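Biologist: I've just opened this one and could use a quick tour. Can you walk me through it?

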Amino acid sequence: QVQVVESGGGSVQAGGSLRLSCVVSGYTDSTSCMGWFRQAPGKEREGVARIYSRLTSTTYYADSVKGRFTISRDNAKNTVYLQMNVLEPEDSAMYYCAATVGRYSLSTCATGMMGDFDYWGQGTQVTVSS
């Protein structure tokens, strides 16, 4: 059973940084797509960043976070990170980590469709004050 557990959220002032972590366990396939999504109160859940891994890593970012956020992964630790710099109040949201494994992972990462991610964490709150 694949499990997804996020951590690292918190409160920070605008311009500050946070690093989120996501441990994904219970799978053995070397092909996977991991993603970070967020949802603010009253808004729809949106994609933030995704990373595809099969020998090498390919990354995708939402326009709103390009240049500020960096997604990375440590395969030895089954962990995906989201380094968030120059945070803005608009980044405040519940952040969710999601994963999918197997041969469709590349297309899932390329399209970023939330419905194509099979496994989700419970979320970690990020609050950015002005």
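Biologist: What radius of gyration would a compact globule with 130 residues have, and what does the protein chain have?
Modeller: Keep in mind that this is a predicted model. A compact globule with 130 residues would have a radius of gyration near 14 Å. The protein chain has 14 Å, so the two agree.

Biologist: And roughly what box do the C-alpha atoms fill?
Modeller: Along the principal axes, roughly 45 × 25 × 25 Å.

Biologist: How many helices and strands does the chain have?
Modeller: One helix and 11 strands. From the N terminus on, the order is β-β-β-β-β-β-β-β-β-α-β-β.

Biologist: Which strands make up the open sheet of four?
Modeller: Its order is β1-β3-β8-β7, and the pairing is antiparallel. The edge strands are β1 (3-7) and β7 (69-74), each pairing on one side only. Neighbouring strands in this sheet are turned by 15 degrees against each other on average, direction ignored.

Biologist: How many bridges join β1 to β3?
Modeller: Five, and the two strands run antiparallel. Strand β3 covers residues 18-25. Gln-3 stands opposite Ser-25 in β3.

Biologist: Switching to cysteines. How many disulfides are there?
Modeller: Two. Cys-22 and Cys-97 form a disulfide, with sulfur atoms 2.1 Å apart. Cys-22 sits in strand β3 and Cys-97 in strand β9, so this pair ties together parts that are 75 residues apart in sequence.

Biologist: Left-handed or right-handed, that Cys-22 and Cys-97 link?
Modeller: The torsion about its S-S bond is about -80 degrees, so the disulfide is left-handed.

Biologist: Which cysteine is joined to Cys-33?
Modeller: Cys-109, at 1.9 Å from S to S. Cys-33 lies in strand β4 (residues 32-39) and Cys-109 in helix α1 (residues 105-111), so the pair ties together parts that are 76 residues apart in sequence. This link has 95 degrees about the S-S bond and is right-handed.

Biologist: Is Cys-33 buried or exposed?
Modeller: Buried, with a relative accessible area of 0%. Cys-109 counts as buried at 0% too.

Biologist: One more residue. Where is Thr-100?
Modeller: In strand β9, which spans residues 93-101.

Biologist: What does Thr-100 touch, leaving out residues up to four places away in sequence?
Modeller: Its contacts include Ser-32, Cys-33, Thr-108 and Phe-117.

Terms used
Residues are numbered from 1 along each chain as its sequence is written. This is a predicted model: local features need pLDDT of at least 70, side-chain atom pairs count only at pLDDT 80 or more; totals for chains, interfaces and linings use all residues. Side-chain values use heavy atoms; hydrogens and water are left out. Contact means heavy atoms within 4.5 Å. Two strands pair if DSSP finds at least two bridges between them. Axes are lines fitted to C-alpha atoms, for helices over the stretch in contact, and angles run from 0 to 180 degrees between N-to-C directions. The radius of gyration is taken over C-alpha atoms; the globule rule is 2.2 Å times the number of residues to the power 0.38. A disulfide is a pair of cysteine sulfur atoms within 2.5 Å. Buried means under 20% relative accessible area, exposed over 50%, partly exposed in between (1.4 Å probe, protein chains only).
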